[in-house]
Amino acid sequence: MKRIIFHIDVNNAFLSWTAIDMLKAGSKIDIRTIPSVVGGDEAKRHGIVLAKSMPAKKAGIVTGEPLFKARRKVDKLYIAGMNRENYIKYSNAFYKILCNYSPKVERYSIDECFLDMTGTEKIFGDPVSVAYKIKNEIKAKLGFTVNVGVANCKLCAKMASDFEKPDKVHTLFDDEIRSKMWPLKVDDLFMSGKSSSKKLHELGIHTIKDLANADINLLAKHFKSMGNMLHDYANGIDNSMVEKTAPKNKGIGNSTTLPNDVGTMQELKKVIKKLSSMVGIRLRKEGKFATVISVQLRNSLFLNYGHQKKLINPISSDDDIYDAACLLVKDMWNGDPIRLVGIRVSDFTDKAYEQISLFDKAGKKEEREKMQKALDEINSKFGSDTIKSAALFDSKSAK
C-alpha cells in the first residue's frame, strides 16, 4: 500500500491570525485586503517585515526588509505588531481539527503540519476529497485559509502545498513528479538553499529534472553527503515518517539585536561571549555535545551573512563555543557595522572525544569540563549572573 501524506500550511499565518482577532474585536477593516504587514518592535531595533498581505506583496514589499523601507513603497501602510499568544491560540485550534482526521499528525512548525492519511480511505474516502474537506472546515470554523499538498511522501506533499496559493489543494503523487516537479528550478526544491542552488547553477544544473538526472559522483564531490539527499529529493524519494511526537531538537541557537551598531572586534567579542554562554547552558541541559557551529551577522543595511564549520572535537563548554565562534567571525566579517549577531550549534552527539596532538597537555579537556560543571551548578543555585566572564565587563564597570 502506497503511503498517503498531507502537508497543510496556513496561508500567511501571522497576518491572517492578526486580521481575525482584529475583526473579532470590531475592526471594520480586514488587513488582509489592504497593504499591511506584521512587523517587529522598531523601538528595540527589531523593525523588519515578518508577514505581508497580498496587496503589500504586489507593492514590492518583501519579508525581512526594514519597516522604514516598506513604508517608502506604500503611502498608507498598516503595520500590526506581533502577538505570540494569539499565534499559539490559532495554531492549537488548527492542530485540533487535524487530529480528527489522522492518528499521526506532526507539528512541523507553528503554522504547518504533516498528516499520515495512509489507510484512512476506508473511513473518509478519496484523499483529494478529504483534503478539500479539511481545507474548507478550517476556513469555516477558524476564519483563515490553508493550502493542502497530497502526495506519497512528506517531501512531495510539502512541495505540492507550495505550488499555488492561497486556499488551494494540490497533488504530487509519484506518477506526477516528472510533469509537475521536474520543470521547476532547482531553487524551488525543498532543502535547496541559496548557497546550494547557486552552486548547482554553476555546475549547469538548472532544473529539478537536471538534478534528478545528474551524475551522483559529481554531486558527492561538490556537496558531500548532501549530494545524495538532493538527488533523492529531485527524484521524489523521501522515506521519512510522519512523527506524532515533536522531533528532537536539531539545533540550539541564540541571537540578539544590539542597541547600537558595533564596529570593532572587541565589541563583537563581548556579544559573542554572552551568546556562547546562553547556547552552552542550553546545550549542557540536554546533555549534548555539538559538532557543527554557525554564526550569523546582520549589518546596518539589514544584509545577512553567515558561516559554519564542522568541528574536529565535539564541544559543550562556553569557552569552546566562544573560541570557535570568534574564529568564524574573523574569517567572515569585513568590518561593516553590525546590528545583529547569532550563534547556533548542531549535529549533536551524546559523547565527547578529543583528538589531541603531542603538544597538548593531557587532561586539559577534563579540567575545562569540571570547571564548567562547577560554574553551572553555582549559577543554577544562586542565579545565572552569579559568576560570569570578566570579558563581559568593560573597563568602566570593572572599577
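The residues lining the largest cavity divide into five nonpolar, two polar and no charged. Here Ala, Val, Leu, Ile, Met, Phe, Trp, Tyr, Cys and Pro count as nonpolar, Asp, Glu, Lys and Arg as charged, and the others, Gly among them, as polar. The model is predicted: local features need pLDDT of at least 70, side-chain atom pairs count only at pLDDT 80 or more, and totals for chains, interfaces and linings use all residues. Residues are numbered from 1 along each chain as its sequence is written, and side-chain values use heavy atoms, with hydrogens and water left out.

**Cavity and pocket**

Both spaces are found on a 1 Å grid over the protein atoms alone. A cavity is a set of points where a 1.4 Å probe fits but cannot get out; a pocket is an open set with protein on both sides within 12 Å along at least five of seven lines. Lining residues have an atom within 4 Å of a point. Points are joined across faces, edges and corners, and a volume is the space filled by probe spheres set on them.

The count gives one cavity of 30 Å³ or more. Its lining consists of Phe-6, Met-117, Thr-120, Phe-124, Gly-125, Pro-127 and Val-130.

| Space | Volume | Lining by class |
|---|---|---|
| Largest cavity | about 30 Å³ | five nonpolar, two polar, no charged |
| Largest pocket | about 1,900 Å³ | 14 nonpolar, 15 polar, 14 charged |

The largest pocket has a volume of about 1,900 Å³. It is lined by 43 residues, and Met-191, Ser-196, Met-226, Gln-308 and Ser-346 are the closest to its centre. Elements that give two or more residues to this lining include helix 9 (194–202), helix 12 (225–234), strand 11 (304–315) and strand 12 (338–349). Strand 11 gives the most, with six residues. Helices (H or I, at least four residues) and strands (E, at least two) are DSSP runs, numbered from the N terminus.

**Two residues**

Lys-135 lies in helix 6 (residues 127–142). It counts as buried because its relative accessibility is 6%. Buried means under 20% relative accessible area, exposed over 50%, partly exposed in between (1.4 Å probe, protein chains only). Beyond four places in sequence, Lys-135 touches Val-146, Val-148, Asp-167, Lys-168 and Val-169. Contact means heavy atoms within 4.5 Å.

His-206 sits in the loop between helix 9 and helix 10 (208–212). At 39% relative accessibility, His-206 is partly exposed. Its contacts, leaving aside neighbours within four places, are Leu-184, Lys-185, Val-186 and His-201. Val-186 is 20 residues away along the chain, yet its C-alpha atom is 5.8 Å from that of His-206.
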